Amino acid sequence: MSALWTAAEAVAATGGRTFGGWTAQGIAIDSRAAQAGDLFIALRGPNHDGHGFVGDALRRGACAAVVHRPIGEPAVLGRLLEVEDTQRALEALGAAARRRSRARFIAVTGSVGKTGTKEALRQVLGRQGPTHASSASHNNHWGVPLSLARLPLDTRFAVLELGMNHAGEIAALTRQARPHVAIVTTIAPAHLEHLGSLDAIAAAKAEIFEGLEPDGVAIVNRDNPQFARLAALARHHGARVVGFGTADDADCRLIAAELDGDGSEVHAELHGRVLRYRVGLAGRHWVDNSLAVLAAVEAVGGDVAAAADALAGLLPLAGRGARVTIAVGDGTALLLDESYNANPASVQAALRVLGSLPGRRIAVLGDMLELGEAGPRLHAELAESVTAAGVDRLFTCGPLMAHLHEAVAPARRGAHAPDAQVLLPLVAAAIEPGDVILVKGSLGSRMAPIVEALRHGPHADRRAG
């Protein structure tokens, strides 16, 4: 296996100095995750300074560590790369990796669906050649350069997720990524607390086009009310715009979709080419995501037919639609793990999936955060989606979800609690064999512990297909 970074290459990229002749096979920024051959970068964060964990990373097998202040362990001197600032060094490694790569780059953003779309691209393109993609949701000021710095030399396709909370953040990330293709999945109420309006959210997401390579392609949701704004901004940066959706003039147009509890049969057309395929994950939002995926595969020169066939084998993500069969009494129940994050559009999509499944339907929802003054109203408005999904019992937690609890019919109310920890025993006591349980909320609402507690009950669980 060829080295990801030699000491000389890392020095040239960062402008630092080292006294060792090490070679790195990977990059780590968390000492607990450091593996043999990793280059550990000691970042300084709001809660921890990685310099305090250099020794631990090296003992775990890291070949060297990038530091910007002295380390009080003389024995490690030959295994240090000394730089002025470790964050800037990480960005420099990412920039150097991007310059030397011959891969075709796709960058993905959007209010909803960016991680799922990124993972779908990873799976379908991975069948066509060496493919590298952001791990988890590494989509911020350290996640994007980390994903770039980890880029193998033989990569054919690279897929990066770009996220933001404030205006200006994606502009900095896309200039590092320099994508050939930029996807905006959709624009929906998210980060309203910081941005104030859907127009402002669209403008912030459109920053992704600023980093496009010459003759780049912008793939945009044609059905979204912000399409015209996004398309104009993309063209301003020289991009060719490809619209996807149900609109008659969409370049990747959905003709029909038959949804079931396990996926969808899709009939679509991409630049006049008829496509029929199955999406192996449930929900109309996955149909929409699949259109963006196929448009991106075409834009980077991939095999569209092979990608369409591969969509049938998509795997669900933990926290984003993974299904787990859990033991309940003398039987089982189906748990839908949507605990990673939430905003109004993603909660509505998850409720539609819940409504497509047989059994008594239980929704367990935590606060959707960063919605600003609109938060109480947007939570209460979910009552219509709860009713449409045929939810039998609604359990909620958090001060914002109290508005939804009050808005639904009393017959649907399970319980409301101030937080997830208090809600958990109420949910656990209410579940019966044959139930299907959706758990969803913003990351800060800490819904994942509810999922883990239900999964790891008194009996072994088994993952559903």
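In the predicted model, Gly116, Thr117, Ala120, Leu121, Val124 and Leu125 of helix H4 meet Trp286, Asn289, Val293, Ala296 and Val297 of helix H10. Contact here means heavy atoms within 4.5 Å. Helices (H or I, at least four residues) and strands (E, at least two) are DSSP runs, numbered from the N terminus. Residues are numbered from 1 along each chain as its sequence is written. Because the model is predicted, local features need pLDDT of at least 70 and side-chain atom pairs count only at pLDDT 80 or more, while totals for chains, interfaces and linings use all residues; side-chain values use heavy atoms, with hydrogens and water left out.

Two packed helices are described by the angle between their axes and the distance between the axes. H4 spans residues 114–125 and H10 spans residues 284–299. Their axes lie 10 Å apart, at an angle of about 50°. H4 is therefore oblique to H10. On the scale used, angles under 35 degrees count as roughly parallel, over 145 as roughly antiparallel, 65 to 115 as roughly perpendicular and the rest as oblique. Axes are lines fitted to C-alpha atoms, for helices over the stretch in contact, and angles run from 0 to 180 degrees between N-to-C directions. The crossing of H4 and H10 is right-handed. A crossing is right-handed if the near helix is turned clockwise from the far one by less than a right angle, and left-handed if anticlockwise.

The axes of H16 and H17 come within 9 Å and cross at roughly 35°. This crossing, too, is right-handed. From H16, Ala420, Leu423, Leu424, Val427 and Ala428 take part. Their partners in H17 are Ile450, Ala453 and Leu454.

Charge pairing was examined next. Side chains of opposite charge can pair when their charged atoms come close. A search of the whole structure finds 21 salt bridges, each defined as a side-chain nitrogen of Lys or Arg within 4 Å of a carboxyl oxygen of Asp or Glu. One of them joins Glu9 and Arg100, at 3.8 Å from N to O. This pair links distant parts of the chain, 91 residues apart. Glu9 is in helix H1 (residues 7–14), and Arg100 is in helix H3 (residues 86–100). Glu9 is partly exposed at 33% relative accessibility, and Arg100 is partly exposed at 28%. Buried means under 20% relative accessible area, exposed over 50%, and partly exposed in between (1.4 Å probe, protein chains only).

Asp435 and Arg360 also meet in a salt bridge, at 2.8 Å from N to O. Here the partners are 75 residues apart. Asp435 sits in the loop between helix H16 (420–430) and S22. Arg360 sits in the loop between helix H12 (344–355) and strand S19 (361–366). Asp435 is buried, at 3% relative accessibility, whereas Arg360 is partly exposed, at 24%.

A further salt bridge connects Arg32 with Asp30, the closest N and O atoms being 2.9 Å apart. Arg32 is exposed, with a relative accessible area of 64%. Asp30 is partly exposed, with 28%.

Salt bridges also link Arg98, Arg178 and Glu213 in a network. Arg178 lies in the loop between helix H6 (169–177) and strand S11 (181–184). Its phi is near 45°, a positive value in a residue other than glycine. Arg178 is partly exposed, with a relative accessible area of 27%. Arg446 likewise has a positive phi, of about 55°, although it is not a glycine. Arg446 occupies the loop between strand S22 (436–440) and helix H17 (448–455). At 56% relative accessibility, Arg446 is exposed.

Glu207 is found in the loop between helix H8 (198–205) and strand S12 (217–221). Glu207 is buried yet has no salt bridge. The nearest side chain of opposite charge, Arg175, is 7.1 Å away. For this comparison, Lys and Arg count as positive and Asp and Glu as negative; His and the chain ends are not counted. Leaving aside neighbours within four places in sequence, Glu207 is in contact with Ala167, Gly168, Glu169, Ile170, Ala171 and Thr174.

Thr186 lies in the loop between S11 and helix H7 (192–195). Thr186 is buried, at 17% relative accessibility. Not counting residues up to four places away in sequence, Thr186 touches Gly110, Ser111, Val112, Asn221 and Asn224.
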